[in-house]
Amino acid sequence: MRVLLLSAYEAVSHRYWAQSLMAELDDISWTLLSLPPRHFSWRIRGNPLSWWLKEHETLSHSYDVVLATSMVDIATLVGLFPHLGQAKKIVYFHENQFAYPESSDQIPQVEAKMVNLYAALAADTLVFNTAYNRDSFFEGARQFLKKMPENLPAAKPLERLRQQAKVLPVPIMPLAGTSQSNANPRRIIWNHRWEYDKNPDDFFAVLLTLSEQQVPFELAVLGQRFRDVPPIFAEAEERLAAQTICWGPQPEQAYQALLNGGGIVVSTTWHEFQGLAIMEAAQRGAIPLVPDRLCFPELYPSDYRFDGTQGGLYQRLHAWLSNPGSQPELLNTQQWQWPEWRSAYRTLLMNP
């Protein structure tokens, strides 16, 4: 079987998914085309043109399956290479543009939303990493179409697509010879992107309060840092220096070593469609603490969720740090790992 795998904006989680998928199903003949995760507006609208200019020969071949991420404008690509329409077309949604919170200085991403929507309409099969991603996409698309000049009858076609869509998470790789251990129950881990939508303001506001009250903890701030960093990071780096054991992105080996020490991995995000960073930390022994919204209720039992407010986060962290024995037991992450999902992915690709 020949599969063309297309990733138009190869963010870290997209690359992880593609590489692990090809490794786990290594009896399939894979052809991967990807574009770097920068210049978002150009990437999401211009990916068919980029590939038409750079990968014309590769795209001129025949494939049994075209597997594309939702940022691929697969409708235009099939228009440029009509023979690709004969392949089974699967679109995988790591996220959807309808559910992203928009900052006050952002221009609404109408083009990105349209690419997501056209990709869904052009696909034979839609796959989402969580039910939250699926439902927020279709609700967002319904609201979006209401804004069009005509009163379009979109509800029934969208609901039909929603009923047919599949939910398959991005699986995480099993750990080889490593057992879970929460050796540092007072370690707090931030391992998310340093951007406004991850809501670092709430996270650091709570930590600053705990620090002022002399509640004991140590802090590891990891994750991706970009050119424009929310101002709270500079303030927190200075004011939490005494508790900080690590500040900034780390080489992979150092990053994994920090996660292996356990602790509490916290999210305060305003958007999350699956959250691989939290899953990987939990797999290595950290206790996840996530808001009771977005994708989290379907992934984490209530003991690992707080109400999403600064007050709720403060109460939970204060209790867990003051008395580490009150923390819930380590989370069983086996249900997120590749052995649980390999056959489902094989079925997705193999079935007509």
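Where does Gln 214 lie? I looked this up before anything else. Gln 214 sits in the loop between α8 and β8 (218-221). I kept in mind that the model is predicted.

**Entry: two residues with positive phi**

I read phi of Gln 214 as near 60°, a positive value in a residue other than glycine. I then checked its surroundings. Gln 214 is exposed, with a relative accessible area of 71%; the cut-off for exposed is over 50%.

I looked up His 39 next. Its phi is near 55°, again positive in a residue other than glycine. I found His 39 in the loop between β2 (29-34) and α2 (40-54). Is His 39 buried or exposed? His 39 is exposed, at a relative accessible area of 54%.

**Entry: domains**

I noted how the protein chain is divided. Domain 1 covers 2-171 + 337-350, and domain 2 covers 187-335. I took the centres of the two domains over C-alpha atoms and found 30 Å between them. How many residues of domain 1 are in contact with domain 2? I have 23 residues of domain 1 in contact with 18 residues of domain 2.

**Entry: the nonpolar cores**

I turned to the interior. In soluble globular proteins, nonpolar side chains tend to be buried together. The largest nonpolar core here has 74 residues. Trp 30, Leu 67, Phe 204, Leu 219, Tyr 300 and Leu 317 touch the most other members. Which helix gives the most to this core? Helix α8 (residues 200-212) does, with six residues. I also noted that domain 1 and domain 2 each supply at least three residues to this core. Another core lies apart from it, with 39 residues, including Leu 59, Val 72, Phe 138 and Phe 144.

**Entry: α8 against α13**

I stayed with α8 and looked at its packing with helix α13 (residues 310-322). The two axes come within 10 Å and cross at roughly 45°. α8 and α13 are therefore oblique to each other. I logged their crossing as right-handed. On the α8 side, the contact is made by Asp 202, Phe 203, Ala 205, Val 206, Leu 207, Thr 209 and Leu 210. On the α13 side, I listed Gln 310, Leu 313, Tyr 314, Leu 317, His 318 and Leu 321.

**Entry: α5 against α6**

The axes of helix α5 (residues 110-122) and helix α6 (residues 131-146) come within 11 Å and cross at roughly 115°. This crossing of α5 and α6 is left-handed. From α5, I found Val 110, Lys 113, Met 114, Asn 116, Leu 117 and Ala 120. They meet Phe 137, Ala 141, Phe 144 and Leu 145 in α6. Phe 144 was already in my notes as one of the 39-residue core.

**Entry: a covered helix**

I ended on helix α11 (residues 276-283). How many of its eight residues are buried? Seven are, and the helix is mostly covered. I wrote them down as Leu 276, Ile 278, Met 279, Glu 280, Ala 281, Ala 282 and Gln 283. They pack against α1 (12-24), α10 (252-260), β10 (263-266), β11 (286-291) and α12 (296-299). Just after α11, I found Gly 285 with a positive phi of about 120°.

Conventions:
Residues numbered from 1 in each chain as written. Predicted model: local features only at pLDDT ≥ 70, side-chain atom pairs only at ≥ 80, totals over all residues. Heavy atoms only, no water. Core = buried A, V, L, I, M, F, W, Y, C linked by side-chain atoms within 4.5 Å. Buried < 20%, exposed > 50% of the residue type's maximum accessible area, 1.4 Å probe, protein only. Helix = DSSP H or I, 4+ residues; strand = E, 2+ residues; numbered from the N terminus. Domains from an automatic or database assignment. Axes fitted to C-alpha atoms, helices over the stretch in contact; angles between N-to-C directions. Parallel < 35°, antiparallel > 145°, perpendicular 65-115°, else oblique. Left-handed = near helix turned anticlockwise from the far one by under 90°. Contact = heavy atoms within 4.5 Å.
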